[in-house]
Amino acid sequence: MSCLRLLVNLCLVSGVVRGDDCTGGVGGNRCGSWFSHMTCLGNCCHDDFNAWCCPPGDEWVCQGTFNHDTSHCKATKSCSCTDNTPYLVRSVATGPPQVASHSEMDFGACCPPKASGCGVGTSFTWTNQQSVTWKASVSLTNSFTLKQSLLVEGLEYTITLTTSYENGQTKSKSEAVQLAHSCKQDLFTEGTYVSQLGHVSVLEVPVKLYYKRCGVQSEVASTVKSHVLDGGFDCNSAPSAQEGSAPAC
């Protein structure tokens, strides 16, 4: 007891224990006991005798006592991860896209007789279908979540990943389209269907996905399959009553 009292008195006289810096000198969260102090990039933890750092990230929180981790700077045994969700943080194409199929999509509109400025404008939305597939394993999750939209890097086409993905599941999402010229006409003498025909390709792209779970980044090879509008649009019109030439309005 007398030795412990002497040690406490020495701490009081000499000031705060200097402790270890786990930030590489950039500074961070600081905490400690009489016997140990730490400066951490993540949460800083301590009990009566020890101080330790959780890995960086808000998902890591302190446990009540130090559990004999090999490192005080990254004490995963003495901290708990509260969010085990794998979050996609980056996606990079590892090869050229392969065209799986071509099709046409009509964004047309029905126009009544004597209508003015009727047709398809320069801005509209369309429904894209998309899937992401990766090799399943015991250690790898069956789904990924995104905190924000993610562009597939390294492509001439624009393919954006959003929200969340189940392995191999096809999902639909609305996307905005902006054209330089509208497909509108004036002074129809009869009911007319104005056709704005877009060319659609289904692309399959080899992609490396980078994801973080509990602050640890990993990667996995995958295939992204997505519909894209490629090339120009064809603007035409035909009387809606003419059988076989246009949809009935």
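**Notebook: cores, a hairpin and disulfides**

I began with L209, which touches L88, R90, S91, V132, W134, F144, L161, S218, E219, V220 and S222, leaving aside residues up to four places away in sequence. I took contact to mean heavy atoms within 4.5 Å.

I noted the ground rules next. The model is predicted, with pLDDT of at least 70 needed for local features and 80 or more for side-chain atom pairs, while totals for chains, interfaces and linings use all residues. Residues are numbered from 1 along each chain as its sequence is written, and side-chain values use heavy atoms, with hydrogens and water left out.

**Entry: cores**

I looked up where L209 belongs. L88, F144, L161 and L209 touch the most other members of the largest nonpolar core, which has 21 residues. Two or more residues of this core come from each of β8 (87–93), β12 (123–134), β14 (150–153), β19 (192–213) and β20 (216–239). β19 gives the most, five residues. I also found a second, separate core of 13 residues, including C111, V120, F124 and V194. For a nonpolar core I used buried Ala, Val, Leu, Ile, Met, Phe, Trp, Tyr and Cys residues joined through side-chain atoms within 4.5 Å. Buried is under 20% relative accessible area, exposed is over 50%, and partly exposed is in between (1.4 Å probe, protein chains only).

**Entry: whole chain**

I counted one helix and 20 strands in the chain. These are DSSP runs numbered from the N terminus: helices are H or I of at least four residues, strands are E of at least two. Of the 249 residues, 36% are buried. Among contacts between residues at least 6 apart in sequence, 59% join residues at least 24 apart. The chain exposes about 14,400 Å², and carbon and sulfur atoms supply 50% of that. Accessible areas are by the Shrake-Rupley method with a 1.4 Å probe; for residues, only the protein chains shown count as cover.

**Entry: hairpin**

I checked β2 (residues 29–32) against β3 (residues 37–40) and found them antiparallel, joined by four bridges. Pairing requires at least two DSSP bridges between the strands. The two strands form a hairpin with four residues between them. C31 stands opposite M38 in β3.

**Entry: disulfides**

I took a disulfide as a pair of cysteine sulfur atoms within 2.5 Å. That rule gives eight disulfides.

C22 and C73 have their sulfur atoms 1.9 Å apart. The torsion about their S-S bond is about -70 degrees, so this disulfide is left-handed. C22 sits in the loop between β1 (20–21) and β2, and C73 in the loop between β6 (60–62) and β7 (79–81), so the pair ties together parts 51 residues apart in sequence. C22 is buried at 17% relative accessible area, whereas C73 is partly exposed at 38%.

C54 is joined to C79, S to S 2.1 Å. This link is left-handed, with -95 degrees about the S-S bond. C54 lies in the loop between β5 (51–53) and β6, and C79 in strand β7, 25 residues apart. Both C54 and C79 are buried.

C81 and C214 place their sulfur atoms 2.0 Å apart. Their S-S torsion is about -95 degrees, so this disulfide is left-handed. C81 is in strand β7 and C214 in the loop between β19 and β20, so the pair ties together parts 133 residues apart in sequence. C81 is partly exposed, at 25% relative accessible area, and C214 is buried, at 11%.
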